[in-house]
Each structure stands twice: as structure tokens, then as C-alpha cells.
Amino acid sequence: MVLSSVFPWLRDTPITTSRPSHLQIHYKPPKTSRFKTTYVVIARSSSFMAFSVETSSLFPYPLSANPKKVSQNTLIPFFVKPCLQPHVSKTLGFSVSRRIRPLSPVFSSLTQVANEDGEDKLHEECGVVGIYGDPEASRLSYLALHALQHRGQEGAGIVTVNQNGLESITGVGLVSDVFTESKLNSLPGDIAIGHVRYSTSGASMLKNVQPFIASCKLGSLAVAHNGNFVNYKQLKTELEEKGSIFITSSDTELVLHLIAKSKAKTFLLRIIDACEKLRGAYSMVFVFEDKLIAVRDPFGFRPLVMGRRSNGAVVFASETCALDLIDASYEREVCPGEIVVVDRDDGDSSVFMIPHPEPKQCVFEHGYFSQPNSIVFGRSVYETRHMYGEILATVAPVDCDVVIAVPDSGTVAALGYAAKAGVPFQIGLLRSHYAKRTFIEPTQNIRDFAVKTKLSPVRAVLEGKRVVVVDDSIVRGTTSMKIVRRLRDAGAKEVHMRIALPPMIASCYYGVDTPRSQELISSKMSVEEIQKYINCDSLAFLPLNSLKQVYGPVESHSYCYACFTSKYPLTATETEDKITERDSTLSEL
């Protein structure tokens with residue numbers, strides 16, 4: 001392993017040997033750097049290599065004098081390359097072992113949850129937040145969840161830690177519906193985690209609303225999870241055969257059972273043990289005793305960021321928009337395969353304890369799910385979507401009078417398209433902010449009633465115009481067809497659909513609620529056939545190669561495009577073969 005690929009700032013750094021089993025690297029930054037001298041110590045044994053980075057002199061703010069070390073007896077992970085930067089975490093520890101457990105999807109039907117209202121849109125997965133060290137942790141969690149409301153509207157919950165242990169309030173509905181002043185007053189404590197839910201696994205019931213709390217002989221802990229475990233059925237069956245009883249239909253409950261069954265002596269080691277068994281997408285926050293733990297899966301499918309308030313409180317959230325609302329400054333992402341531990345004794349520290357393949361971050365986070373004012377996967381969502389629109393105008397131009405968007409996720413790409421095409425952008429469709437409320441449909445049938453309650457055309461913008469409509473995706477095609485019809489009814493002379501992502505031909509198995517592949521219109525129709533089906537004058541998608549150009553030749557390899565290509569990070573066949581090979585190897589050790 002080349003150390004400069006792990007720690008880029010250690011290039012051209014002298015290496016000395018303090019004793020046969022250790023290498024000591026002395027790093028002295030240039031005079032222009034604000035960082036001071038630091039050391040990297042590498043300990044070796046015949047079957048184990050552990051890296052420990054002590055960075056307590058790297059930071060402008062005070063750090064613990066005794067950073068936490070990773071002992072040989074605690075971790076059996078595998079590490080390839082972190083994305084950690086030197087100004088972020090107080091202590092970084094990770095280790096490498098020959099015992100490798102491949103993380104690979106064993107596809108589960110749990111991800112195929114149909115939209116009950118037949119809505120022709122993808123749904124956000126979930127949002128999580130964790131706060132450590134603020135006396136108003138529950139109120140800050142409430143505000144952060146409000147900022148993440150776009151990621152889930154079916155339920156919300158908060159768990160706090162205080163002298164009484166773990167206290168929880170969960171409910172079905174929006175964050176503002178679940179929490180009141182009196183309820184927040186009943187959640188004292190300076191440590192909290194929270195969750196907003198859209199069910200990619202499990203029905204929409206109160207018992208499935210997170211965070212979940214469980215107790216075992218070590219005490220109580222709580223977890224909130226964004227993502228989907230694709231080996232849920234397999235692990236659940238194994239646990240049930242050993243006597244476990246599941247109360248919810250959410251795959252998140254699986255984590256608590258794995259932790260309870262673990263033989264490790266601390267909660268942290270049990271969480272590590274559980275994560276080694278999980279396959280799929282997960283960004284999780286845990287709370288127990290006086291510790292807050294944030295975990296991100298090795299592929300980094302779902303986002304998870306870390307921030308800090310002016311009083312030193314540490315904040316984790318699915319997106320940076322949650323940090324902005326509670327006046328927390330963005331520090332960095334939680335890296336794929338990283339566990340960040342925050343406690344009173346050692347501040348924040350990190351370990352890499354999971355097989356760490358090439359990251360496969362969800363490109364739909366940039367294209368649809370995340371808020372435009374967020375930074376996700378180290379990129380501005382707004383700037384990225386704007387580039388989608390600019391490139392789309394270049395590869396799929398058309399003569400037009402006005403560019404409009406299907407709000408809200410198509411708006412920024414439409415702005416980019418209009419700017420590149422030199423055509424005015426206008427508000428041609430208004431979105432109702434009350435569309436989630438229940439409507440009583442009149443006895444006499446109204447055509448396209450569902451779409452009419454959500455999107456209203458502006459005749460003054462559309463009448464007699466050649467209109468380009470920019471949207472983020474076409475799922476089943478039914479909503480696009482109704483939108484085109486409504487625009488024509490409002491007087492549009494021509495309607496040209498432009499989609500700011502490639503055609504979606506395959507389901508997602510990593511925490512996004514998508515229809516089955518055979519229900520996706522692009523999996524069974526060509527672009528020309530879809531154009532005829534939705535009755536627009538022209539239709540164009542952003543080509544996959546053009547999408548990758550946004551990220552460049554290196555970064556583009558760090559994203560998952562499975563919904564556009566049907567090429568998943570690992571296929572089910574490869575999974576079975578590698579699991580068999582692993583088990584055979586372990587039996588020989």
C-alpha cells in the first residue's frame with residue numbers, strides 16, 4: 001500500500017524506524033500552512049497491520065490530549081483509500097486484515113414498494129440527524145428534521161439522552177405535526193438523534209417510525225437509518241431461526257437484533273460487528289450512554305455530513321441544508337466505510353472498519369433528492385443541476401420561445417438550459433404546497449385530477465409559445481403525459497420535453513422507492529415511442545456519457561448509475577460466488 005495514496009499530504013515525507021515493528025513518519029507542513037507538525041505511526045504484526053494517525057496538533061481548535069487508539073484486538077477491517085482531509089477529525093484509526101468480507105447486494109423484494117396513490121414520481125428515502133453537546137439538542141434536531149422534510153413526509157421521531165436514559169417521541173406525519181412545544185420540552189438532554197421517514201422498507205405505520213430503541217445486557221441504544229439492507233431477508237431468517245422476534249416490518253430493526261446477538265464487549269464493537277454483516281446502503285446514527293456514533297456504508301450510496309456549532313456541538317445530518325438552519329458550519333462528509341465516534345472523553349474520532357471498495361454514490365441525490373442549497377458528496381447540488389441543464393441544451397437544442405420547469409426538482413436544470421440556450425426562463429407551472437393534503441374528488445370525474453391539484457399552468461406564459469419543459473426524470477410516463485396535455489390546454493403551441501437525467505431502465509436496490517423495472521417506461525419503450533406516448537413534439541434525455549462529463553474522468557467512477565444501466569456494483573451471482581469463496585477461505589485459516 002502506498003501511503004501517499006492514503007494520506008496525500010504525506011508525499012515526499014521522510015520515514016524513520018523507531019523499532020522493528022513500527023514505522024514512524026514525521027510530517028512537517030510548509031511554512032505557508034496553518035497546520036503544525038504531526039506524526040503517523042504504523043504498527044505491524046505477522047497477520048495484521050494497523051495505522052494510527054495522531055492529529056491533535058493539526059487543528060485550529062483545542063483537541064483531546066489523549067486521542068483514542070485502535071487496538072489489535074478490536075477491529076478486523078479492510079481499508080483501501082479514505083477521502084478524509086487533514087483538518088477534520090481529531091483521531092483517525094483504521095486497520096487492515098486478510099479477512100475480507102465482501103459487501104455486495106443480495107437483491108431483496110423489500111425495495112419494491114409500490115406507491116399507494118399511483119404517483120408517477122420517485123420518492124426520497126429518509127433523512128437522519130445527530131447532535132452532540134448542545135443543551136437544546138432536541139429542539140435543534142426538530143429544526144434539522146424540518147430542513148430534511150423533503151426526504152420523508154410519512155413520519156418523524158427524536159430520541160434524546162438524559163439522566164433518565166433514552167427518551168423518545170415518534171409520530172406519523174410531518175415534523176410540524178408530530179412535535180409541539182410541550183413534546184420538545186419533554187425531551188431534555190444534550191445528545192439527540194432524529195429521523196424523517198419515507199418507507200422504502202416496511203409499511204407506513206407508527207411502529208415503523210424511527211429512531212428505534214432497544215435494550216440488551218449492555219444497556220439501551222437507539223438508531224436512525226437512511227438506506228436499505230439488501231440482505232435483510234437472509235439475515236432476518238437466520239436471526240428468527242435463532243429465536244429473534246421482529247416487531248416492525250422495517251429493515252432497520254435488523255441492526256438492533258445484530259447488535260444484541262453480538263458477543264463483543266462494548267456497544268461500539270457490537271456496531272462494528274453488525275455492520276460487517278450488513279450489505280447495501282446505510283447512513284446511520286446511534287446514541288447510547290454518552291456517545292453519538294455516525295456510520296456510512298462502504299460504497300457511500302447515501303450522503304452523511306458532519307458539522308459543528310459555535311459552542312462546539314457536533315452535528316451529523318443527511319444534507320448540509322440541515323446544518324445551515326441550526327447555524328452549524330459544514331466540516332466534511334462522513335467517508336464511505338467510516339465510523340465517527342463522539343464522546344465526552346475523547347471528542348470525535350474515526351475508524352475505518354468495513355471493506356472499502358470504490359465509492360458508488362447515488363447520482364440521483366444530485367439530480368433529484370437533495371435540496372439545491374445542499375452540498376452532497378462534496379459538490380454543490382445547485383451548481384451540479386445547473387450543469388446538467390447546460391449540457392442538455394448543448395446536446396438537445398430546439399427552437400423555442402420559453403423554457404419552463406416541472407417544479408421543484410426540475411427548476412435549476414431548467415435555469416441552466418435557458419442560460420445556455422439564450423432563451424428566457426419563466427414560471428410556466430405552479431406547484432401547490434398543499435398537494436399532500438387529502439382532496440375530496442367531486443362525484444363527476446375530472447380528467448387529470450391528481451395532477452391538477454399539484455401543478456397549475458400559467459396561461460400568460462404558455463399561450464402561443466413554443467415551450468421547452470425541463471424535468472428531472474420520467475418514471476412510468478403517466479404524469480408527463482398529463483403535464484403535456486395540461487400545457488396544450490393552456491395554449492402552448494409546441495411542447496418539447498427535456499429530461500435532465502438519462503432514461504431510467506432499472507430499479508434501485510439501495511434505498512430509493514422505485515417501481516419494478518418492468519414498470520419503468522424507458523425499460524420497454526424507445527425515446528421515440530415515449531415521445532408518442534406522452535404526446536410531446538420532441539423528447540430528449542441527458543445522455544449518460546454527458547452526465548459523466550459533469551463529474552470528470554476520475555470523479556465519475558465514484559457514482560452509481562445502476563438505474564440507468566442495470567449494472568449494479570455487484571450482481572447476485574457474483575455475491576453468491578464471493579460469499580462461498582470467503583467462507584471456504586476462512587475455514588482454512
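# Close-up views of the predicted model

**Figure 1. F377 and Y559 are both buried.** Burial denotes a relative accessible area under 20%, while exposed residues lie over 50% and partly exposed residues lie in between (1.4 Å probe, protein chains only). The model is predicted: local features require a pLDDT of at least 70 and side-chain atom pairs a pLDDT of 80 or more, whereas totals for chains, interfaces and linings use all residues. Residues are numbered from 1 along each chain as its sequence is written, and side-chain values use heavy atoms, with hydrogens and water left out. F377 belongs to the loop between β20 and β21; helices (H or I, at least four residues) and strands (E, at least two) are DSSP runs numbered from the N terminus. The relative accessibility of F377 is 6%. Its phi is near 55 degrees, a positive value in a residue other than glycine. For the chain as a whole, 57% of the 589 residues count as buried, and the secondary structure comprises 18 helices and 28 strands.

**Figure 2. Aromatic pairs in the model number 12.** Rings of Phe, Tyr and Trp (its six-membered ring) are paired if their centres lie within 6.5 Å; planes under 30 degrees apart are stacked, those over 60 are edge-to-face and the rest are tilted. The pair of F267 and F288 is tilted, because the ring centres are 4.9 Å apart and the planes stand at 55 degrees. This pair links distant parts of the chain, with F267 in helix α7 (residues 267-277) and F288 in strand β12 (residues 280-288), 21 residues apart. Both F267 and F288 are buried. For F377 and Y559, the ring centres are 6.0 Å apart and the planes are at 75 degrees, so this pair is edge-to-face. Because F377 lies in the loop between β20 (375-376) and β21 (379-380) and Y559 in strand β28 (residues 559-560), the pair ties together parts that are 182 residues apart in sequence. One aromatic cluster is formed by F299, F301, Y509, Y510 and Y568.

**Figure 3. Helices α10 (residues 381-395) and α16 (residues 544-555) have axes that come within 10 Å and cross at roughly 135 degrees.** Two packed helices are described by the angle between their axes and the distance between the axes. Axes are lines fitted to C-alpha atoms, for helices over the stretch in contact, and angles run from 0 to 180 degrees between N-to-C directions. The two helices, α10 and α16, are therefore oblique to each other; angles under 35 degrees count as roughly parallel, over 145 as roughly antiparallel, 65 to 115 as roughly perpendicular and the rest as oblique. The crossing of α10 and α16 is right-handed, a term for a near helix turned clockwise from the far one by less than a right angle, with anticlockwise giving left-handed. T384, M387, Y388, I391 and V395 of α10 make the contact with S546, L547, V550 and Y551 of α16, where contact means heavy atoms within 4.5 Å. This contact of α10 with α16 has 7 nonpolar, 2 polar and no charged residues. Ala, Val, Leu, Ile, Met, Phe, Trp, Tyr, Cys and Pro count as nonpolar, Asp, Glu, Lys and Arg as charged, and the others, Gly among them, as polar.

**Figure 4. Helices α5 (residues 232-241) and α6 (residues 253-261) pack at about 45 degrees, with axes 11 Å apart.** The relation of α5 to α6 is therefore oblique, and their crossing is left-handed. Y232, L235, K236 and L239 of α5 meet L254, H257, L258 and K261 of α6. By class, 5 nonpolar, 1 polar and 2 charged residues take part in the contact of α5 with α6.

**Figure 5. Helix α11 (residues 411-421) has V412, A413, A414, G416, Y417 and A418 as its buried residues.** These buried residues of α11 pack against α10, β22 (402-405), β25 (466-471) and β26 (494-499). Just after α11, G422 adopts a positive phi of about 70 degrees.

**Figure 6. Cis peptide bonds join Q210 to P211 and P407 to D408.** Most residues other than glycine have a negative phi, and most peptide bonds are trans. Omega is about 5 degrees for the bond between Q210 and P211, and P211 is placed in the loop between β9 (191-197) and β10 (212-216). For P407 and D408, omega is about 0 degrees; D408 is placed in the loop between β22 and α11. D327 has a positive phi near 55 degrees and lies in the loop between α8 (320-325) and β16 (328-333). D327 is exposed, at 61% relative accessibility.
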